[in-house]
Amino acid sequence: MMLRLAAALVAASMLAPAVLAQTYPSKTVTLVVPFPAGGSTDWLSRLLGQKLEQRLKHPFIVENRAGGANVIAATAVAKAEPDGHTLLMTTSTTMAINVSVFKNLPYDPDRDFAPVGLVSGVPFVLIVNAALPVRTVGDLVQLAKSKTGGLDYVSTGPGSAANLFAVLLKNALGGIAMTPIPYKGNAPGLQDVAAGHVSVMFSDLLGALPLIESGKVRALGVSTSKRSAAAPDIPTLSEAGVPGFDASAWQMIVASARTPAAIVDKLNSELHAIVSDAAVNRDINGRGHIAIVTPPPAELKNFVRSEITRWGKVVDEAGARGTE
């Protein structure tokens, strides 16, 4: 009898993950976005949420929780019920940069989250208000030197790509004067650059391209070593006069750390299939992102750890360690 009971328990334990995967999701899934509506992370979250809803036959809703350099949203999801029904669209800021920028980060990216899917790389573009007498990086340097206090630029937090890339640019150009103006997200920052309230910004391409095409802002260069397929006429910053400049962000969906592996694996498999689809892949790349067909969860854990180390060096170069 004891042998039969033991065998039954083993069989039940083997069935449990399969049952979890089959019954998930059992209710509405909330995908939390740590930025306001209208930006590239919000757009990508809504696209993937729609595709997941179609495939898994349950509602996926996007909830925007902006502010606090992604900390507000990340902390909330880290504490959420670990059942896969609350997910977070993270960025390299959330999962890697904040570790070095914050003195006391209220969440641990490695300990508190289960990576679900790495879905996108994000080139940024350096833009200026179109009314400024700036058409090249050289013009930008001259303007910075001529203005008392230098140039003001959009910063969405000390550890944000918008801020770190600007600091890296400042250092690469010999330490020109640049002053950060804080914003909760890229979308409101873009609006103020177009309106002339702020001079300079590093923006994701998705948000910036309509303003570039309408002539409201002017693009000086993309942040990556290669030109973007979505904007092949915009040179790289390296081509535009900042040799060796190469920086990009990334986006990953995560769940709280104790989410069952069967659910994480199921979501990973679905995201792999979604981004593998030619139309989705083309849509993501066409919007200024770099579509990534996600590796499995175990590889993502190692990726996050390596990115914490890599971005820590960038934060140190920018002089931003422990500034928050």
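This is a predicted model: local features need pLDDT of at least 70, side-chain atom pairs count only at pLDDT 80 or more; totals for chains, interfaces and linings use all residues.
Which residue just after α11 takes a positive phi?

Residues are numbered from 1 along each chain as its sequence is written, and side-chain values use heavy atoms, with hydrogens and water left out.

Back to the opening: it is Gly288, and its phi is about 95 degrees. When I say helix or strand, I mean DSSP runs, H or I over at least four residues for helices and E over at least two for strands, numbered from the N terminus.

Now the whole protein. There are 12 helices and 10 strands. The C-alpha trace spans about 90 × 40 × 30 Å along its principal axes. Of the 324 residues, 54% count as buried; buried means under 20% relative accessible area, exposed over 50%, and partly exposed in between, with a 1.4 Å probe and protein chains only. Contact, for me, means heavy atoms within 4.5 Å. Among contacts with a separation of 6 or more, residues 24 or more positions apart account for 77%.

Let's go to helix α11, residues 278-286. At its start, a side-chain oxygen of Asp277 reaches to within 3.1 Å of the backbone nitrogen of Ala279. I call that a polar contact: a pair of N or O atoms within 3.5 Å, where within protein one must be able to donate a hydrogen and the other to accept it, and residues adjacent in sequence count only if both atoms are side-chain atoms.

Who packs against α11? Two packed helices are described by the angle between their axes and the distance between the axes. My axes are lines fitted to C-alpha atoms, for helices over the stretch in contact, and angles run from 0 to 180 degrees between N-to-C directions. Under 35 degrees counts as roughly parallel, over 145 as roughly antiparallel, 65 to 115 as roughly perpendicular, and the rest as oblique.

Take α10 (residues 261-276) and α11: their axes come within 5 Å and cross at roughly 75 degrees, so α10 is roughly perpendicular to α11. On the α10 side we have Ile274, Val275 and Ser276, which meet Ala278, Val280, Asn281 and Ile284 in α11. By class, this contact has 5 nonpolar, 2 polar and no charged residues. Nonpolar here covers Ala, Val, Leu, Ile, Met, Phe, Trp, Tyr, Cys and Pro; charged is Asp, Glu, Lys and Arg; the others, Gly among them, are polar.

Then there is α2, residues 40-56, which packs on α11 at about 170 degrees with the axes 11 Å apart. That makes α2 roughly antiparallel to α11. Trp43, Leu44, Leu47 and Lys51 of α2 make the contact with Val280, Asp283 and Ile284 of α11. The tally is 5 nonpolar, no polar and 2 charged.

While we are at α10, have a look at His272, which sits in that helix. His272 is partly exposed, at 36% relative accessible area. Beyond its neighbours within four places in sequence, His272 is in contact with Val293 and Thr294.

Is Tyr24 buried or exposed? Buried, with a relative accessible area of 4%. Not counting residues up to four places away in sequence, Tyr24 touches Val29, Asp83, Gly84, His85, Leu87, Ile263, Lys266 and Leu267. The Tyr24 side chain also reaches the backbone oxygen of Gly84 at 2.5 Å. And a cis peptide bond joins Tyr24 to Pro25, with omega about -5 degrees.

Ala69, in the loop between β2 (60-64) and α3 (71-78), has phi near 55 degrees and counts as buried at 15%. Asn70, in the loop between β2 and α3, has a positive phi of about 80 degrees and is buried at 4%.

Last one: Glu307 in helix α12, residues 297-318. Glu307 counts as buried, at 7% relative accessibility. Leaving aside neighbours within four places, Glu307 is in contact with Ala96, Trp250 and Gly312. Thanks, everyone!
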